[in-house]
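Take a walk through this structure, one region at a time. Have the sequence and the 3D view at hand.

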Amino acid sequence: MTIVFVSNYINHHQIPFSEALYEKLGENYCFIQTMPMEEERVAMGWSVDVRKLPYVHCFYEEEYECRKIIAESDVVLFGWTGREDIVTERLLSRKTTIRVSERLYREGQWKAISPRGLLAKYKEHVRYRKQNVCLLCAGAYTASDFHLIKAYPGKMFRWGYFPEMRTYSEEAFAALKKDGPLQLVWAGRFIPLKHPEYMVKLAGCLQEKGFAFKIHMLGSGELEPEIKKQVERAGLSEKFLFYGFQEPEKVRDVMEQCHIHLFTSNYLEGWGAVVNEGMNSGCVEVVNAQVGAAPYLIQHGVNGLVYPDDSYAEMEKLVVDLFEHWEEKKQMGYAAYRTITEEWNAKHAAEEFLRFAEQLRQGKIVPAESGPLSPAPVIAPKKMYRAMLRGELKQ
């Protein structure tokens, strides 16, 4: 079986999955990159030397060869490409095709009423609803968006991103988190949707309550100078460490030392791969339930914590409770680690994808029982947090 993954560009969130498929298929797998990486991502340390990856082809450098690969492959997986003409050619051939997508309507499902938008979505997705085409939902809110436009009925499955996985012996894992002040980590771009300012407010609260702590801030962006000023004005400079943008390996090194990972992005965050990374590092996750990864990866109170509606107040309550009951609740970090190492990782996802794709070629749709490629539940965004608390997403 030959498989090609077509997307805008390869990055450290996709490489482990590609490596796992390449290990299984060799030259029968390739990744086609349709455009160079944006400078902003390069500055963040995301740059990849594609010449060192034997399975990567660049569409913008070898278009004829790439079109030939897409046309002749047994299975094609399309991410966001910026080249819908390529996708259309493949779909019209009626060969086995799978699509992967984040949300359609991050800013609100009311946008689904746009006639122009509906026409575009019909051409891209809806008209193929009766074909043997499936959708991998990279985020728990994706299925609801596509359900609105009546695309992929009964053919939507859980998916996500699969960053590099680290494994530890029990002794090594126990040694990761040192006794003493709790170490908190926040990682991302300093932009409004990610709410880095929440960390300054939280630090003030923890300081006022007399807790011992340190906050590690990884990343940079337009709000960084203002955040640093806020920290200084609040007299909290000794409580913060600012790292700027770091290579993914350095981010993971810092996470390993930390007890709690906070991910404060709002509903505009499609997936949020740092949640995977924090969980794999054994951190207790505190995550906004609006983040695409949260409902798939986190069982509230079991392997992490979620708060509703981008609410700083609810997030603060969860963190304060962690500080007050740390010995009772720190085991959520190990449960988070097991979630990644046992199911939500690139190797497992690749194995399930190969099984699923081979059966799809035979005209059969056989979902996984849990995790990647299990059925994606259709839950309206406003009902997702309650569904999480009731355990409705657990499989």
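Gly210 follows helix α8, and its phi is positive, near 80°. Helices (H or I, at least four residues) and strands (E, at least two) are DSSP runs, numbered from the N terminus. This is a predicted model, in which local features need pLDDT of at least 70, side-chain atom pairs count only at pLDDT 80 or more, and totals for chains, interfaces and linings use all residues. Residues are numbered from 1 along each chain as its sequence is written, and side-chain values use heavy atoms, with hydrogens and water left out.

Stay with α8. The expected span of a helix is 1.5 Å times one less than its number of residues. At 1.5 Å a residue, the twelve residues of α8 should span 16 Å, and the end C-alpha atoms are 17 Å apart, which agrees. Its buried residues are Tyr198, Met199, Val200, Leu202, Ala203, Cys205 and Leu206. Buried means under 20% relative accessible area, exposed over 50%, and partly exposed in between (1.4 Å probe, protein chains only). These buried residues pack against β8 (182-187), β9, α9 (224-233), β10 (240-244), β11 (260-263) and α13 (312-324). Contact here means heavy atoms within 4.5 Å.

Now look at the loop between α8 (197-208) and β9 (213-218), where Lys209 is found. Lys209 has a relative accessible area of 47%, so it is partly exposed. Lys209 and Val320 are 111 residues apart in sequence, but 8.9 Å apart in space, C-alpha to C-alpha.

Move on to helix α16 (residues 346-361). Its 16 residues should span 22 Å at 1.5 Å a residue, and the end C-alpha atoms are 22 Å apart, which agrees. Asn345 caps the N-terminal end of α16, with a side-chain oxygen 3.2 Å from the backbone nitrogen of Lys347. After α16 comes Gly363, whose phi is positive, near 85°. Among the buried residues of α16 are His348, Glu352, Phe353 and Gln359. The helix's buried residues pack against β1 (3-7), α1 (15-25), β4 (75-78), β5 (97-101), β6 (133-138) and β7 (156-159).

Which residues of the largest nonpolar core touch the most other members? Of its 95 residues, they are Phe17, Ile32, Leu136, Trp159 and Phe353. The largest share of this core, eight residues, comes from α16. A nonpolar core is a set of buried Ala, Val, Leu, Ile, Met, Phe, Trp, Tyr and Cys residues joined through side-chain atoms within 4.5 Å. Not counting residues up to four places away in sequence, Phe17 touches Phe5, Leu77, Trp159, Ala346, Ala349, Ala350 and Phe353. A second, separate core of 34 residues includes Trp186, Met199, Met217 and Leu318.

Asn11 lies in the loop between β1 and α1. At 7% relative accessibility, Asn11 counts as buried. Its side chain reaches the backbone nitrogen of His13 at 2.8 Å.

Finally, turn to a cavity. On a 1 Å grid over the protein atoms alone, a cavity is a set of points where a 1.4 Å probe fits but cannot get out, and lining residues have an atom within 4 Å of a point. The largest cavity has a volume of about 40 Å³. Grid points are joined across faces, edges and corners, and a volume is the space filled by probe spheres set on the points. Residues lining the largest cavity include Phe162, Arg252, Asn276 and Trp344. Helix α11 (residues 273-280) gives the most to this lining, with three residues.

Note on methods
Polar contact = N/O pair within 3.5 Å; in protein donor to acceptor, adjacent residues only side chain to side chain. 1 Å grid on protein atoms, 1.4 Å probe; cavity = no way out; pocket = protein on both sides within 12 Å on 5 of 7 lines; lining within 4 Å.
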